[in-house]
Amino acid sequence: MRAIFWKELADHLGSRRFFILSLIILVVAGTSVYLGIQGFQENPAAARDFPYLRLFTTAPGALPSFLSFLAFFGPLLAVLLGFDAVNSEFTRGTVSRVLAQPIFRDAWINGKFLAGLGTLAIVVVSIVLLIFGLGLYALGFPPDGPELARLGVFLVLALLYLGFWLALGILYSVLFRSTASSALAAVATWLFFTLFLYMIAGVVADQVVPVRADSPAEAWLKHENLRDFILRFSPVALFEEATLPILVPSYRGLSLLALLMQPGVPTNPLPLGQSLLVGWPQLVGLLALTSVCFAAAYLVFMRREIRTS
Amino acid sequence: MIVEAKGLRKQYNGVWALDGLDLAIEEREIYGLLGPNGSGKTTTILILLGLTEPSAGEVRVCGHDPVREPLAVKRLVGYMPEKVGFYEELSAFENLRFITRLNGIPEGEARQRILEALEQVGLKDVAHRPVATFSHGMRQRLGLADVLVKKPRLAILDEPTSGIDPEGAAQILDLIRLLRDEAGMTVLLSSHLLHQVQRVCDRVGILHRGRMVAEGRVAELTAPGGFVAVLAQASPILRARLEAAEWALAVEEPRPGELQVTLAEEGRPELLRFAAEEGALLLELRPKEPTLEEIYLRYFRE
């Protein structure tokens with residue numbers, strides 16, 4: 001499996017599509033962080049608690065924060081690494097040649113998945129380190145222990161999230177014979193979860209529990225809960241909900257109840273363990289989605305006949 | 001016996017691709033699997049390699065069962081698929097190195113084996129060029145090199161010469177013979193090109209609708225030879241007389257005024273006498289080459 005891992009990793013890192021997408025992510029991430037740093041210079045008070053974490057979550061001006069950017073564009077990179085993993089080997093005619101070598105069949109798909117994950121890890125870690133470097137340059141002091149711990153957790157979460165999209169891409173590459181249809185399906189799924197589901201959730205919640213500005217708090221609560229319930233089918237929402245408490249230490253949950261009680265609740269930061277607890281269900285959901293996706297790809301691949309005609 | 005299969009059956013989407021196939025191949029033999037497209041050649045090969053499971057029947061390859069111990073079989077068997085594909089952006093050398101790594105061959109030895117194999121197939125000069133720039137014939141030879149680096153006991157080649165010009169095909173056939181003579185490999189090749197199979201194979205098996213319809217040495221399978229005579233400046237009367245003669249088995253007129261007569265060995269004196277008496281111009285009299293084509297057609301016309 002090691003041979004497959006290294007070959008696939010080298011293929012990914014040398015491919016043009018990887019280069020272009022990482023470049024886009026790098027440029028936009030760099031810009032948003034740069035603006036964030038400028039915000040610190042205008043308002044030095046904001047830099048007091050967890051300045052490094054703020055670099056990832058604050059949205060200066062019209063640009064999205066690094067976090068929402070990763071939630072939106074990260075999947076595209078991950079899915080593009082996976083969508084032709086298996087079917088391109090069929091069209092190139094390399095399947096039977098490789099599988100005629102003394103390797104277990106699952107070593108191949110495992111190696112491909114791990115290589116994709118390794119590639120994503122390289123991208124995410126280097127971008128985070130770059131942001132650190134920019135922050136160090138602008139702020140003039142290093143991040144402290146809790147900040148580093150939180151960023152470590154964030155990296156794991158980000159990889160889990162991107163791993164889901166990678167597994168989805170690989171699943172499509174097993175299900176669809178042509179790379180064009182698997183790419184289309186992958187991009188369609190990405191658009192559905194990042195854009196349409198948000199609209200659908202809003203519309204459905206409005207229809208089922210209509211609310212107006214003067215509606216009672218219970219109605220609003222029901223409306224928001226229904227919206228959240230639908231949204232939580234999307235890995236994008238799960239990822240955002242799971243990472244917010246990690247990157248915003250004072251964050252206590254998304255529910256309206258928490259928001260309503262906000263004035264009465266102290267806003268001082270939670271310890272890492274408690275922040276983790278806030279996002280724990282979402283984290284487990286994300287892990288489950290990733291596992292199910294990869295398991296499906298694995299099973300279909302193992303049963304596939306090698307014969308193409 | 002390096003390959004032994006009994007009563008192989010395989011169903012694809014409700015169709016029996018193999019319907020009770022028996023196969024036995026001896027060590028150091030070049031065995032040709034013949035048959036039209038869809039007769040079950042590739043299916044047989046995939047089953048031998050453990051790449052697909054038979055619906056029924058027993059197989060042993062190099063003493064192992066490909067269904068239960070696919071890895072043991074794959075370690076000893078080299079395989080070149082029909083439409084052999086490579087990673088286009090990698091060079092010939094890198095493509096082969098991926099294979100040696102998958103086989104767990106240590107780097108130093110692998111390097112030597114790869115260069116040796118590329119030299120044997122005549123691709124050493126282009127070893128570091130990406131495969132995307134290779135012609136079809138070069139790819140096919142790279143496919144052979146891919147089998148060679150493994151140093152297998154049994155090499156299975158699926159249509160090794162399909163779509164190649166005659167010169168390239170001849171090169172590949174020579175290489176196949178070399179595999180057996182120098183490296184002591186057993187070779188199983190499938191093809192629908194009869195004259196090529198005839199050139200290199202010790203034994204052939206003819207497949208039809210998933211069954212073995214004939215098997216044996218090429219010489220045994222082909223019809224007894226006989227002779228062919230060509231007469232020039234023939235008139236219709238001459239033709240009629242020839243057709244009436246008992247020793248002339250068949251009379252054809254490939255070109256106007258030229259008659260081609262097929263006859264048995266014993267018919268030669270009769271022919272010479274006939275030519276002398278009738279004043280016919282005998283252009284040539286040669287032994288008829290036995291071909292598989294006839295027997296092949298005999299089976300598939302039915």
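The points below describe a predicted model. They begin with the contact between chain A and chain B and go on to a six-stranded sheet in chain B.

**Contact between the chains**

- On the chain B side, 20 residues are in contact with 15 residues of chain A.
- Three helices of chain B, α1 (41-49), α2 (70-76) and α3 (92-102), each give two or more residues to the side that touches chain A.
- α3(B) supplies the largest share of that side, with four residues.
- By residue type, the side of chain B that touches chain A holds 12 nonpolar, three polar and five charged residues.

**The sheet in chain B**

- The six strands form an open sheet in the order β5-β6-β7-β3-β8-β9 (chain B), and the pairing is mixed.
- β5 (77-80) and β9 (211-217) of chain B are the edge strands, each pairing on one side only.
- On average, neighbouring strands of this sheet are turned by 15° against each other, direction ignored.
- Within the sheet, β6 (residues 154-158) and β7 (residues 186-191) of chain B pair in the parallel sense over five bridges.
- In this pair of strands, Ile156(B) stands opposite Leu188(B) in β7(B).

**Helices packed on the sheet**

- α1(B) packs on the sheet and touches β3 (30-34), β5, β6, β7 and β8 (203-208) of chain B.
- The direction of α1(B) makes about 150° with that of β6(B).
- Helix α5 (residues 136-148) of chain B also packs on the sheet, where it touches β5 and β6 of chain B.
- The direction of α5(B) makes about 170° with that of β5(B).

Terms used: Residues numbered from 1 in each chain as written. Chains lettered and ligands numbered in written order. Predicted model: local features only at pLDDT ≥ 70, side-chain atom pairs only at ≥ 80, totals over all residues. Contact = placed C-beta atoms within 7 Å. Nonpolar A, V, L, I, M, F, W, Y, C, P; charged D, E, K, R; others polar. Pairing = 2+ DSSP bridges. Axes fitted to C-alpha atoms, helices over the stretch in contact; angles between N-to-C directions.
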